[in-house]
Amino acid sequence: MELSVPPSPARRHCHERDPGPRDRPRVLLHVGDGVRPLFVGLALLMLGNGLQGSLLGVRASQEAFGSGVIGLIMAAFFAGFLLGSVWSARALRRVGYIRVFAALAAMASVAILVQELFVVPVAWGLMRFVTGLCFAGIYVVSESWLNNRATNLTRGRLLAVYMVVMYLGQGGGQLLLNVADPSKADLFILSSILISVAVVPLLLSATPAPDVSLASRMSVSRLCRISPFGAGGVFVAGLINGTIMGMGAVYAHDAGLSVARIALFMGAVICGGALLQWPLGRLSDRMDRRWVILGVTFAAAGASMLAYRATGWATPGMLASVGLFGGLSFALHSLNLAHTNDCLEPSEMLGASSSLVLLLGVGSVIGPLAVGAVMSQVGAAGFFWWLAAVQLIFGLFGLGCVRYFAKRGSVAPSHYVVVPSQTSSVGVAAIEDVYATQDDEPAHERPGEALDQRGEGAEREEPRPARSSETP
């Protein structure tokens, strides 16, 4: 009687045929048939999410809530998102992803309508918390579905398409501000409609339910000891992303921009984030990633000041400046995530995902609160002054890490994969899995890599040095 022994993780992709250049598009199209309803639904969902984020900022400014109160309201979304990333994955295992998705989409659709009925800060803060929790669950379902349909040969490309859909949908939602007057109910209703309709393609799909599991967690303190530079960068990325997404429209309104220019302002920031991530990521794959992060950080600080000055410029100059600012700022999340994984063993990556999400989520909560307090004291200019200060402080911290700690990355550095600024713990785990299995070529053709723990294949050229507890 023969026993079937599963392949080791390092060898798992050796059993999949490496498609030739002509076969790769065909493989991706075949998998795309199963996830096309998902992408359609996500596009509609992100249109609704992008619209309501800026809509609430503009409407709250019109209602004179105050920058500090608005920051608190916007931070409630990220607090709900952080809780939802943990809760929803557990709910999926109990009742199934179809029911969880439908229930959370219905709640998110209702929440935006409640904010139109009760225009008071307390109600808005509560509904933003509910919306964040709902969207976290929706992302868990969507990303689990996507990861279930992907193979080792197609996962990286499907995640790239997922990123494009997320960013372009969210950026397109900003432009919907021009459809109606934010002071009326029309845009609230439109956002509710988009979120509700997004459920239809997913619920009518016959794709089997994916298996959702939670990885064992690596503590935040241990992660910070292993990679203080990378962990600190993920936290700072949360500060920046939360500030931009939560308070960007508030700044634009307080700076005197019209509704049309506010929509263009936010759209350019988000689309810039989508356009610059790949070039910067590929650059970081070809040289020391730490120096790329430092260069992007200091350039983002300068771009923040440029965008502040460009707010009053003509539309083309403003769009180019804020697009550069958004591209550099949003790239910090993915760059720091990739660097952190450079310092981890492949077996540690999934366990570290929950701590990385926690750091990102805590930063996203603190960002709107802090910038709201700053803007209430110094005015709209505090938005970009706060961002520039955060980026400069992190840049100096990063220089200290590079100066005083030796680089102790993994034998095979992880591949850069673009990660949306808002993603769930399951999404991070799925993306991190790409770092270990993304290469299409068979393992026996990659020099310097052992095929499995039994010593088959070529030995690594250099042994991994003992890890210091203070490796950046």
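**Notebook: helix pairs, a surface patch and one tryptophan**

I began with helix α10 (residues 259-286) and helix α11 (residues 289-310), whose axes come within 7 Å and cross at roughly 145°. I kept in mind throughout that this is a predicted model. Looking up which residues meet in this pair, I found L280, L283, S284 and D285 on the α10 side, and R289, V292 and V296 on the α11 side. Sorted by class, that contact holds four nonpolar, one polar and two charged residues.

Next I turned to helix α9 (residues 228-254) and helix α14 (residues 382-404), which pack with their axes 10 Å apart and at an angle of about 170°. Because angles over 145 degrees count as roughly antiparallel, I noted α9 as roughly antiparallel to α14. I listed the residues of this contact as well: from α9 they include P228, F229, V236, L239, I240 and Y251, and from α14 they include F383, F384, W386, L387 and F394. By class, the contact of α9 with α14 has 17 nonpolar residues and six polar ones, with no charged residues.

I then stayed with α14 to look up W385, which has its place in that helix. Which residues does W385 touch, not counting those up to four places away in sequence? I found M305 and Y308. I also checked W385 against S304, and the two are 81 residues apart in sequence but 7.7 Å apart in space, C-alpha to C-alpha.

Last, I looked at the surface, where L113, I189, I193, V197, V200 and L204 form a nonpolar patch with about 520 Å² of accessible area together. Helix α6 (residues 186-197) gives the largest share of this patch, three residues, while L113 lies in helix α3 (residues 97-117).

Note on methods
Residues are numbered from 1 along each chain as its sequence is written. This is a predicted model: local features need pLDDT of at least 70, side-chain atom pairs count only at pLDDT 80 or more; totals for chains, interfaces and linings use all residues. Side-chain values use heavy atoms; hydrogens and water are left out. Axes are lines fitted to C-alpha atoms, for helices over the stretch in contact, and angles run from 0 to 180 degrees between N-to-C directions. Helices (H or I, at least four residues) and strands (E, at least two) are DSSP runs, numbered from the N terminus. Angles under 35 degrees count as roughly parallel, over 145 as roughly antiparallel, 65 to 115 as roughly perpendicular and the rest as oblique. Contact means heavy atoms within 4.5 Å. Ala, Val, Leu, Ile, Met, Phe, Trp, Tyr, Cys and Pro count as nonpolar, Asp, Glu, Lys and Arg as charged, and the others, Gly among them, as polar. Patches are made of residues with over 30% relative accessible area and no salt bridge: like charges are joined within 9 Å, nonpolar side chains (Val, Leu, Ile, Met, Phe, Trp, Tyr) within 5 Å. Accessible areas come from the Shrake-Rupley method with a 1.4 Å probe; for residues, only the protein chains shown count as cover. A salt bridge is a side-chain nitrogen of Lys or Arg within 4 Å of a carboxyl oxygen of Asp or Glu.
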